[in-house]
Amino acid sequence: MFNLFSPIVFTVPLACVLSFNVDQKNGLSFSGPLEDLFGYTVQQFENSEGKWVLIGSPLSGQPAKRTGDVYKCPVGNRDNTCIKLELPSKKTLCVSVCLCLSNHSQPLSLSLFACMCVLFPQACGPQYGYMCGEQQFISGVCANVSSSFQVLNSFSRYQECGKEMDVVIVLDGSNSIYPWSGIQEFLHNFTGRLEIGPKLTQVGIVSYGQNVTHNVNLSQFDNTPALQEFVKDLPQHTGTKTMTFLGIDTARKEAFRPERGARSGVKKVMVIVTDGESHDYYNLKKVIDACDDDNIERFGIAVGTRYFVQKFIKEIQNISSDPVQDHFFNVADELALLSIVETLGSRILALEGKHVNICVPAPKASQESVLLGAVGAYEWNGTVVMYTPGGDVVPGKDDFYDPKKEAQNERLSASTRKGELYITGAPRYNHTGRVVVYRLDENNNIVISQILKGEQIGSYFGSVLQTVDVDNDSYTDLLLVGAPMYMGSEKDEQGRVYVYKLSKVQKTRSPCGARFGTAIAAVTDLNLDGYHDVAIGAPFENDHRGAVYIYHGDKNPSLCFFLTLFSLCLLISSKLCLILLYPRPG
């Protein structure tokens, strides 16, 4: 496979070069509520009214509501007073938005309350949530904001609350189940997480041993408290044999029939609870195939036993629907069933819901696409959602990598002479992190072009991404990948930034404990040489006062990198310059 990016490292000493075109003495200072995390994120902006610094305050509105908000702070005026935009109070036809802004390269994972501006005029609040009965779903929301800071409309991909669903619980009631009170308590707590009603969820209960009994019909209870009261005294079926597949097949054939309250066209769910290997395991394939044909989604719960553990576990896994890791549970004993109630309820509630848009913004004349990172999607495997004028692109669960790996995070796009590429970071992948470079084919399917892998466990490689068009020809020249937790030789979080070209990568270095690369931004031409520059943050440097490194573009194209610190200079490359800027003490 053709490698877009491959590594090389080199270092050479050089004399000192001092900074210029960056005023370190006459900086502006803006203040706001400390308790609201004022200043957590910052972005520059200019409109017809003037130049502004937009400052995020993600905890604004507490303690009642942490909606977050944005302050606009004037640049160039003697008055440095910041004005709160009150964005959450400006309702649209879709939703009331909770927003705060940051630079688009800010990783969402840095804070539960982190909000970001993806690409102005969009602003997003990733902690926007709503209730589905007892469950809270966090979907996030984004809004189109005008140049005069008015919310035009908002949009979100959210999961509708599950509505009508028929759930049949198949209980092993044989003599080996002990204590039965653990089963009764499990039923009480589990059914309490469901909204039961004729137009909502219906619950039936079937128990078995050597034979099968219908304890509760689907239409028997029309509210949750009544069913909870009934199951508190549900008797044990008893029996010397465990005829699990007789119980499942009877539930399939009889419990889901209209005369027992089953509804046509409603999602069918079966929850099987058993503590031992069945005596009729030879019927497994026939019974489970019949359940698949009837579109019954199955959750298998194996209650641990001393006998034939591995064979028993395998049997219940085969009963469970695919993907097995989402439908199979194993607990130590009957009393431990309570530990899975919340997870089981959440997964069942999520079955019927579908993803829809709260409100889709009007297509933009520029035909630009917006990429949104969704770190919590697919049970924290993460994904990247693309909004385009022609429709949304939502990758499947396994399009980027193995579903057992961890959170997709940062995302951006790059324009190259080979076409449009998209880049996403997964800083927790395999503990070392990785970056996926991909494109979309004519059917909007993910085609992975290259994978860049992190070097060190816990370095958070890929948490910050930034593309740079150095020579201003509209094509991406460099990809910068931050690994802010990279551990240096002093066993401290030094941080590292990897600079990728089409044929090589350069590794930048910084003092120990700086967390260099926590933020990376492409900035304007600071030294007026006609080439774009880059700024990299090291928030823990200089006794936690922080530092900003400036890298100058070069005609190569590359980055010029000089380190200036109290007359100490270090050249990383003959085409790579950096100037270190410290904030004023105090």
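Two strands are said to pair if DSSP finds at least two bridges between them. Helices (H or I, at least four residues) and strands (E, at least two) are DSSP runs, numbered from the N terminus. The model is predicted: local features need pLDDT of at least 70, side-chain atom pairs count only at pLDDT 80 or more, and totals for chains, interfaces and linings use all residues. Residues are numbered from 1 along each chain as its sequence is written, and side-chain values use heavy atoms, with hydrogens and water left out.

The chain contains nine helices and 33 strands. Of its 586 residues, 52% are buried, where buried means under 20% relative accessible area, exposed over 50%, and partly exposed in between (1.4 Å probe, protein chains only). A contact means heavy atoms within 4.5 Å. Among contacts between residues at least 6 apart in sequence, 58% join residues at least 24 apart.

Another open sheet has six strands in the order S13-S12-S11-S14-S15-S16, and its pairing is mixed. Its edge strands, S13 (212-216) and S16, each pair on one side only. From one strand to the next the twist averages 20°; for such angles, axes are lines fitted to C-alpha atoms, for helices over the stretch in contact, and angles run from 0 to 180 degrees between N-to-C directions.

Within this sheet, S11 and S12 (residues 201-208) run parallel and are joined by eight bridges. Asp-166 stands opposite Gln-202 in S12. Both residues return in the surroundings of Gly-261, which touches Asp-166, Gln-202, Leu-218 and Ser-219, not counting residues up to four places away in sequence. Gly-261 lies in the loop between H3 (244-255) and S14, and counts as buried because its relative accessibility is 13%. The C-alpha atoms of Gly-261 and Gln-220 are separated by 7.7 Å, although the two residues are 41 apart along the chain.

Val-271 is opposite Phe-299 of S15. Together with helix H4 (residues 284-293), S14 and S15 make a right-handed β-α-β unit. Right-handed here means that, with the strands pointing away from the viewer, the path from the first strand over the helix to the second runs clockwise.

S15 (residues 296-303) is mostly covered, with eight of its eight residues buried. In a regular strand the side chains alternate between the two faces of the sheet. From S15, Ile-296, Arg-298, Gly-300 and Ala-302 point one way, while Glu-297, Phe-299, Ile-301 and Val-303 point the other way, and all are buried. S15 also runs parallel to S16 (residues 328-331), joined by four bridges; there Gly-300 has Phe-328 as its bridge partner.

Two helices also meet. The axes of H1 (residues 180-191) and H2 (residues 224-231) come within 9 Å and cross at roughly 175°. This makes the two helices roughly antiparallel, on a scale where angles under 35 degrees count as roughly parallel, over 145 as roughly antiparallel, 65 to 115 as roughly perpendicular and the rest as oblique. Gln-184, Leu-187, His-188 and Thr-191 of H1 make the contact with Thr-224, Leu-227, Gln-228 and Val-231 of H2. By class, the contact has three nonpolar, five polar and no charged residues; Ala, Val, Leu, Ile, Met, Phe, Trp, Tyr, Cys and Pro count as nonpolar, Asp, Glu, Lys and Arg as charged, and the others, Gly among them, as polar.

Some loops have backbone details to check. A cis peptide bond joins Tyr-178 and Pro-179, with omega about 0°, and Pro-179 sits in the loop between S11 (165-172) and H1. The bond from Asp-322 to Pro-323 is also cis, with omega near -10°; Pro-323 is in the loop between H5 (309-319) and H6 (324-327). Asn-430, a residue other than glycine, has a positive phi near 55°. Asn-430 belongs to the loop between S22 (419-426) and S23 (434-440), and counts as partly exposed because its relative accessibility is 44%.
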